[in-house]
Amino acid sequence: MTSETRPGWAPFLEVGRRVTLRHAIDPATAPRGERMSDVLGTITATDERSVTVMTRRGEMRVPRPLVIAAKEVPPPPERHDGSGGR
């Protein structure tokens, strides 16, 4: 076991689950020097090194050691076209 893995941490991080992940980023490469970012979407792949999430902007791979917090979230609300069913 490496120091990168946290056994038992966030067992819900499985393919098909909708999640939000807060993760650390390198401030030197961030546009405005941010230290953290969030990802919201559906997990498409996971292994002991990373979690890949499909977001509105495309797939994003987050290395597990950089994940600070994770939460399973409900499906997005249904969109209505505003016609009122007419």
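Predicted model: local features only at pLDDT ≥ 70, side-chain atom pairs only at ≥ 80, totals over all residues.
Helices (H or I, at least four residues) and strands (E, at least two) are DSSP runs, numbered from the N terminus. Residues are numbered from 1 along each chain as its sequence is written, and side-chain values use heavy atoms, with hydrogens and water left out.

**Exercise 1.** Find which element gives the largest share of the lining of the largest pocket.

*Solution.* Let us start with the term: on a 1 Å grid over the protein atoms alone, a pocket is an open set of points where a 1.4 Å probe fits, with protein on both sides within 12 Å along at least five of seven lines, and lining residues have an atom within 4 Å of a point.
- The lining consists of His23, Ile25, Ser37, Asp38, Val39, Leu40, Thr55, Arg56, Arg57, Gly58 and Met60.
- Two or more of these residues come from each of strand 2 (36–46) and strand 4 (58–63).
- Strand 2 gives the largest share, four residues.

**Exercise 2.** Work out how the lining of the second largest pocket divides by class.

*Solution.* First sort the residue types: Ala, Val, Leu, Ile, Met, Phe, Trp, Tyr, Cys and Pro are nonpolar, Asp, Glu, Lys and Arg are charged, and the others, Gly among them, are polar.
- Next, list the lining: Arg18, Leu40, Gly41, Thr42, Met54, Thr55, Arg56 and Pro76.
- Strand 2 and strand 3 (50–55) each give two or more residues to this lining, with the largest share, three residues, coming from strand 2.
- The classes come out as three nonpolar, three polar and two charged.

**Exercise 3.** Decide whether His23 is buried or exposed, and find what His23 touches.

*Solution.* Recall the cut-offs: buried is under 20% relative accessible area, exposed is over 50%, and partly exposed is in between (1.4 Å probe, protein chains only).
- His23 sits in strand 1.
- His23 counts as buried because its relative accessibility is 4%.
- Contact means heavy atoms within 4.5 Å. Leaving out residues up to four places away in sequence, His23 touches Arg35, Met36, Ser37, Val39, Met60, Val62, Leu66, Val67 and Ile68.
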